[in-house]
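Please examine the sequence and the structure shown here before reading the briefing.

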Amino acid sequence: INISSGIAGGGSAQSGEDGPLYFSRPLIPIGFYGTAISTDTIVWNWTDKALDETGYLIKTSTDGIISNNLPANTTYWIETNLSANTQYIRNVYIYHQWSGTSTVPVSIYTWANSPTNLAPVAVYSTSFTFQWNDAGAARYAIERSPGGITPENWQYLKQWNDNISTTTFIDSNLSTETTYWYRIKSYNGDAILNPVTSNQIAVL
C-alpha cells in the first residue's frame, strides 16, 4: 500500500483490491480576493467548493502561516494590525487528513493614511496655493467646492491619473469674489481612495 501524507490535510482516499491507496486533494477554493477596509485591516474572502476539507490556513507569499486553523466551510478571514499603504500577498490553503492545496496568491494594499494639516500658503486674486502633510500615499486626490459658510457641491479637481504625489498645489484661473473650499484624500498603491478626508479650508 502506498501512503503519503501532508499536514492536517484535506481530500479522500481510494483503493482497489490489492492495489495502491490513493489520496485526492480537496477541491481548491475559487474567487479568492482581498478587500482593504482601513489602514490596518484586510478581509480575505473565497468560495468553498470542497465537501471533505478539515480546514483552511492563510499563508504569506513565502509560505508562512499567519492564521489559526480555520474550520471547514469557512469563507473569509480578517487580518488586522497591518501597516498603512502596504502591499500584502496572501493565499488560502485548504487541507484534510492527507493532503492540501493552495490558491494563486493575491496582492492587496491597505488604505493610505488620510492627509492632515491642510493649510493655505499664498492667496492671489485668481489663484490659491495650499499644502498638507505627507500621509505616505501613492498619490493624492484634490476636491473643490464653491460655497459660502459651508461647501455646496464637492467635485474632484485632481484624481489618480493626474499623478499628484507632492504635498503642495496651486489652483489657478479662479473667479474673483468667490469662495472656494478644498479638501484632500489619499490613494493607496492599488489606486483606492481612503474615504476619510483631510480637514477642509476655504479661500475667498
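This is a predicted model: local features need pLDDT of at least 70, side-chain atom pairs count only at pLDDT 80 or more; totals for chains, interfaces and linings use all residues.

Residues are numbered from 1 along each chain as its sequence is written, and side-chain values use heavy atoms, with hydrogens and water left out.

- An open sheet is formed by 3 strands in the order 11-12-15, with antiparallel pairing; strands are DSSP runs (E, at least two residues), numbered from the N terminus, and two of them pair if DSSP finds at least two bridges between them.
- Strand 11 (116-123) and strand 15 (168-171) are at the edges with a single partner strand each, so one side of each has no neighbour in the sheet.
- From one strand to the next, the twist averages 25 degrees (axes are lines fitted to C-alpha atoms, and angles run from 0 to 180 degrees between N-to-C directions).
- Strand 12 (residues 128-133) runs antiparallel to strand 15 and is joined to it by 4 bridges.
- Phe128 has Asp171 in strand 15 as its bridge partner.

- Another open sheet has 4 strands in the order 14-13-16-17, and its pairing is antiparallel.
- Strand 14 and strand 17 (201-203) are the edge strands, and each pairs on one side only.
- The twist in this sheet averages 35 degrees from one strand to the next.
- Strand 16 pairs with strand 17 in the antiparallel sense over 3 bridges, and Tyr182 has Ile201 in strand 17 as its bridge partner.

**Aromatic rings**

- The whole structure contains 11 aromatic pairs; rings of Phe, Tyr and Trp (its six-membered ring) pair if their centres lie within 6.5 Å, and planes under 30 degrees apart count as stacked, over 60 as edge-to-face and the rest as tilted.
- The pair of Phe128 and Phe130 is tilted, because the ring centres are 5.3 Å apart and the planes stand at 35 degrees.
- Phe128 is buried, with a relative accessible area of 1%, and Phe130 is buried at 0% (buried means under 20% relative accessible area, exposed over 50%, and partly exposed in between, with a 1.4 Å probe and protein chains only).
- Trp160 and Tyr187 form an edge-to-face pair, with 5.3 Å from centre to centre and 75 degrees between the planes.
- Trp160 lies in the loop between strand 14 (155-158) and strand 15, and Tyr187 lies in strand 16 (residues 180-187), so this pair ties together parts that are 27 residues apart in sequence.
- Trp160 is partly exposed, with a relative accessible area of 23%, whereas Tyr187 is buried at 5%.
- One aromatic cluster consists of Phe128, Phe130, Trp132, Tyr140, Phe169 and Tyr182.

**Charges over rings**

- The charged end of Lys59 sits over the ring of Tyr93, 4.0 Å from its centre; a charge sits over a ring if NZ of Lys or CZ of Arg is within 6 Å of the ring centre and within 35 degrees of the ring normal.
- Arg183 lies over the face of Trp154, at 4.1 Å from the ring centre.

- Ile42 lies in strand 4 (residues 42-47) and counts as buried at 0% relative accessibility.
- Beyond its neighbours within four places in sequence, the residues in contact with Ile42 (heavy atoms within 4.5 Å) include Gly34, Trp77, Leu82, Tyr88 and Ile108.
- Ile42 and Leu82 are 40 residues apart in sequence, and their C-alpha atoms are 8.2 Å apart in space.
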